[in-house]
Structure formats: structure tokens, C-alpha cells
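Me: I am new to this structure and would like to learn how to read it, one feature at a time. Could you take me through it?

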Amino acid sequence: MTIQDMINTISDRIVGATTVDTAFGEPRVMNNRAIIPIALVAGGCGAGGGEGKRPNGEGTQEEGSGGGGGGGFAVRPLAVLEVTDQQTRVIPILDVTRIVLAAFGLIGGCMWMHNRMKSREKCHSMRGKCH
């Protein structure tokens, strides 16, 4: 298989997998409601290869070629769409891990800024002789 064939095969599979059905799941009906899961789908891939010749010290040349590829995809739930006879609404799904990590980042940033301001106050009280 040539590099071009490999790239074409990978891209064909990606195009085949990226449909609206990937982001919107199958509706599930229960208690006179239809629930449709909604997800964020992201991915990427890459491939490369090469070939070349080099002298081997015996007056001849060695030939070589290589190639490879890889990729990854992630699906993250975002919300569910609830459809009833009376209304349709989007119910977001909260990612508690992201919220906690953002809070830690915010707290850490505030502590860093506080310490930086305190060290500047100390420096100014010493009339700039702290450097």
C-alpha cells in the first residue's frame, strides 16, 4: 500500500464516520418524552512517509522507505434534547471535572497574583532595594 493509498483510506473512513448521527444519538422514548443525546465530536489524524537512498560505503546505495499514520477522536456529552407534546428543551450536561479544574486554576491564579502583589509591596517599602 502506498502512502497516498493509506491517506485516501483514512480520509474515506473519517468522512464516512462524520455524520450528524455522530453528534446526535438515537432518540429514546420513555414516559411520553423523546430524549436525544447531543455530543461534541472532535478528532484529527495525520500520516506521512518518505523514501531515499544513501551510500553504504561499498560503492553502492542502500534504499529505504517508511511511513506511518495515526489519529485520535474524542466524544464528549454536551446535552440532551427533551421533546414532549408541550415543549422542546435542551438540558445541558455539566462536566464536574472541568468545573473543579477551572476552580483550582482560578484559585491558584488568585494566590499567585496575591503573592506577587505582596512581594511588590515589600519591595516598595524597602525603597526598591530588594532587587
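Me: Which residue in strand 4 does Val80 stand opposite?

Reply: Two strands pair if DSSP finds at least two bridges between them, and strands themselves are DSSP runs of E with at least two residues, while helices are runs of H or I with at least four, each numbered from the N terminus. Here Val80 stands opposite Ile91 in strand 4; strand 3 and strand 4 run antiparallel, joined by five bridges, and they form a hairpin with four residues between them. The model is a predicted one, in which local features need pLDDT of at least 70 and side-chain atom pairs pLDDT 80 or more, whereas totals for chains, interfaces and linings use all residues. Residues are numbered from 1 along each chain as its sequence is written, and side-chain values use heavy atoms, leaving out hydrogens and water.

Me: Is Thr84 buried or exposed?

Reply: Buried means under 20% relative accessible area, exposed over 50%, and partly exposed in between, with a 1.4 Å probe and protein chains only. Thr84, in the loop between strand 3 (61-83) and strand 4 (88-92), counts as buried because its relative accessibility is 17%. In strand 4, by contrast, the count of buried residues among its five residues is zero, and buried residues make up 6% of the 131 residues in the protein chain.

Me: Which residues is Thr84 in contact with, leaving aside its neighbours within four places in sequence?

Reply: Contact means heavy atoms within 4.5 Å, and on that reading Thr84 is in contact with Asn32 and Arg33.
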